[in-house]
Amino acid sequence: MQKIIGLDFGTTNSAIALATEDGNVKLAKFPENDHFTTTCRSVLYFNDKNRKTDGQPNALVGQDAIKSYLEAETAGRLIQSAKSYLTSRSFTKTNLCNHSYTLEDLIAIIINKLRKEAERQFGDIGNSIVIGRPVNFSGAKTKEDEDLAINRLRAAVEKCGFTDIIFEFEPIGAAYYYEKQLDHDELVLIADFGGGTSDFSLMHLGTSIDKKQNRATSILGTDGV
């Protein structure tokens, strides 16, 4: 049975899920204190004392990053909202613990953490992935800004071993999830309120729509702030 991986890389939180051809969807879970959650905080923490055996900084992700940041006896670097800088041409690289990182490198560390957790729970997940994207990236003013953001996000995802990459507007995934419960047709306004962007889509949804056809004609309009 074919496995389909969906990724929501968010400004504040991220998630990764496995979907199968029979319509079942499973979200990967992440430990948080004494329980598990289906989201991972999109934060990184670097500390000079926390290094790999080869001397490279061992960046912590999510709840591990937050916990280490709060408990650290020496200063480190806590990085948040990396997604918000995808359109920034001035952010080319930064130096952390005497090592240079591009923005793509930093985002790849977060996504790779999600990939490893998904593989640990679901087994091999292959190299194909569907990724949510904002209608308008934070800070984007032109089509060139949007293209820059997509290309940087694609490069980060490729660093994590994915080669077959599809981008989809973030509200569309929510629309399809809602459509599964409908027994009639509706004209629906879908809103995705995120930590960095908020996106809106107006769509035709319902039982009379052929789900196997290109759904582009179902989308009447999209916008975001």
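A residue is called buried when its relative accessible area is under 20%, exposed when that area is over 50%, and partly exposed in between (1.4 Å probe, protein chains only). The model described here is predicted, so local features need pLDDT of at least 70 and side-chain atom pairs count only at pLDDT 80 or more, while totals for chains, interfaces and linings use all residues. Residues are numbered from 1 along each chain as its sequence is written, and side-chain values use heavy atoms, with hydrogens and water left out.

We may begin with the backbone. Most residues other than glycine have a negative phi. Asparagine 33, by contrast, has a positive phi near 55°. Asparagine 33 sits in the loop between β4 (30-32) and β5 (35-37), where strands (E, at least two residues) and helices (H or I, at least four) are DSSP runs, numbered from the N terminus. With a relative accessible area of 65%, asparagine 33 is exposed. Serine 81 also has a positive phi, of about 55°, without being a glycine. Its loop runs between β9 and β10 (93-96), and serine 81 is partly exposed, at a relative accessible area of 26%.

Turning to the interior, nonpolar side chains tend to be buried together in soluble globular proteins. A nonpolar core is taken here as a set of buried Ala, Val, Leu, Ile, Met, Phe, Trp, Tyr and Cys residues joined through side-chain atoms within 4.5 Å. The largest such core holds 41 residues, and Phe46 and Ile107 touch the most other members. Elements giving two or more residues to this core include β1 (3-8), β2 (13-20), β7 (44-46), α2 (103-122) and α3 (143-158). The most comes from α2, which gives nine residues. A second, separate core has seven residues, among them Ala175, Leu182, Val188 and Leu205. Contact means heavy atoms within 4.5 Å. Neighbours within four places in sequence aside, isoleucine 107 is in contact with Phe9, Ala82, Leu86, Leu153 and Ala156.

Helix α3 also contains aspartate 145, which is buried, with a relative accessible area of 10%. The side chains of aspartate 145 and arginine 89 are joined by a polar contact of 2.6 Å (a pair of N or O atoms within 3.5 Å; within protein, one must be able to donate a hydrogen and the other to accept it, and residues adjacent in sequence count only if both atoms are side-chain atoms). Beyond its neighbours within four places in sequence, aspartate 145 is in contact with Thr87, Arg89, Gly139 and Ala140.

Two open sheets complete the picture. Two strands pair if DSSP finds at least two bridges between them.

Strand β15 (198-205) pairs with β16 over five bridges, and phenylalanine 200 stands opposite aspartate 223 in β16.
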